Amino acid sequence: MIPINKNIQDIHFRYKMPSLIIKYEGKNTGVKTILVNLDDISRSLSRKSDIILKYFSYTLSLQTKHDGKFIISGKHDQMKMQNIIYDFIDHFVLCYNCENPETFFVFDTSLKMECLACGLKSIVRDHKLNLEIIKNISTQSTIYSDFLPVETGDVNNEEMFYKLLKESEDDFNKLDHVIEKINIKNILGSFENYIEKYKKYENITKFINYLLEKGYKKSEICKFYTRPQNGKKRSVEFKKEINKYFNS
């Protein structure tokens with residue numbers, strides 16, 4: 001594993017990805033370079049593998065193809081291809097302010113990259129790839145949902161889901177495309193923080209019903225909201241709405 005940020009030499013740096021593995025197929029003018037583990041790299045970066053492949057196409061001005069394999073026309077050495085991935089990371093992954101890789105795309109009037117670490121929302125620097133990213137953004141949400149961290153139980157998922165709740169403007173159906181990727185405890189914890197901060201206690205029933213429609217167990221939701229959670233203090237209003245829901 002190697003650091004996601006090429007400027008970091010610390011072996012204990014937590015953000016890492018696999019080194020690119022390549023192999024060659026074909027001969028002479030028909031030779032092709034196969035990016036063997038691009039899927040693994042894309043998961044480490046929380047970016048779509050097809051978007052990274054398209055970046056290779058634009059950078060090399062060559063045809064690429066994904067048909068079970070990630071294929072690039074011609075023969076290219078590993079170091080050259082690894083550096084192209086690092087160029088992609090500099091442009092489309094690392095926060096422009098703090099260089100943290102925990103970022104995701106949002107779109108309002110322009111394509112932006114929001115950082116979970118420092119909170120900065122930066123306009124993505126101009127590139128041909130920007131249009132490809134915008135085309136893939138869900139019409140149901142401003143969040144490019146496939147870029148969410150996928151490791152359930154990770155604390156960053158709770159931070160991310162909290163941001164998604166704010167983006168949803170209380171239309172919880174906008175969460176359909178991401179909710180299965182996030183641990184239920186992080187979902188419930190994020191929602192509680194959201195409700196308590198903005199005092200939207202009237203939405204508790206609506207959200208719990210939404211979770212039940214998605215197949216979550218009523219008993220699990222009840223257990224979470226009626227028992228202490230890491231010393232968290234709940235408001236009287238929150239407890240009142242929860243008790244009313246589960247005792248009705």
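Before I start, one definition: contact here means heavy atoms within 4.5 Å. Also, keep in mind that this is a predicted model.

Going through some of the pairs: β3 pairs with β4, residues 32–35, in the antiparallel sense, over four bridges. Within that, Glu25 has Lys32 of β4 as its bridge partner. The hairpin of β3 and β4 has six residues between the strands, and in this hairpin Gly26 takes a positive phi near 85 degrees. On to the next pair. β4 and β6 are also antiparallel, with three bridges. Here Ile34 stands opposite Ile71, which is in β6.

Together with Lys23 and Lys69, Glu25 is linked in a network of salt bridges.

Back to α2, this time with its helix partner. How do α1 and α2 pack? Their axes are 9 Å apart and the angle is about 110 degrees. Angles of 65 to 115 degrees count as roughly perpendicular, and α1 and α2 are therefore roughly perpendicular to each other. On the α1 side, the residues that meet α2 are Leu38, Asp39, Ser42 and Leu45; on the α2 side they are Ser49, Ile52 and Leu53. Sorted by class, this contact has four nonpolar, two polar and one charged residues.

Asp40 and Arg43 both lie in α1, three residues apart, about one turn of the helix. Their closest N and O atoms are 2.4 Å apart. Asp40 is partly exposed, at a relative accessible area of 35%.

How many salt bridges does the structure hold? The count is eight. I will go through two others.

One of them joins Glu114 and Lys121, whose side chains meet at 3.9 Å, N to O. The cut-off for a salt bridge is 4 Å. Are the two residues buried or exposed? Glu114 is buried, with a relative accessible area of 10%. Lys121, at 38% relative accessibility, counts as partly exposed.

The other is between Arg234 and Glu192, with the closest N and O atoms 2.8 Å apart. Arg234 lies in the loop between α8, residues 218–226, and α9, residues 236–246, while Glu192 is in helix α6, residues 184–198, so the pair ties together parts that are 42 residues apart in sequence. How accessible is each residue of the pair? Arg234 has a relative accessible area of 15% and is buried. Glu192 is buried as well, with a relative accessible area of 0%.

How values were computed. Residues are numbered from 1 along each chain as its sequence is written. This is a predicted model: local features need pLDDT of at least 70, side-chain atom pairs count only at pLDDT 80 or more; totals for chains, interfaces and linings use all residues. Side-chain values use heavy atoms; hydrogens and water are left out. Two strands pair if DSSP finds at least two bridges between them. Helices (H or I, at least four residues) and strands (E, at least two) are DSSP runs, numbered from the N terminus. Buried means under 20% relative accessible area, exposed over 50%, partly exposed in between (1.4 Å probe, protein chains only). Axes are lines fitted to C-alpha atoms, for helices over the stretch in contact, and angles run from 0 to 180 degrees between N-to-C directions. Angles under 35 degrees count as roughly parallel, over 145 as roughly antiparallel, 65 to 115 as roughly perpendicular and the rest as oblique. Ala, Val, Leu, Ile, Met, Phe, Trp, Tyr, Cys and Pro count as nonpolar, Asp, Glu, Lys and Arg as charged, and the others, Gly among them, as polar.
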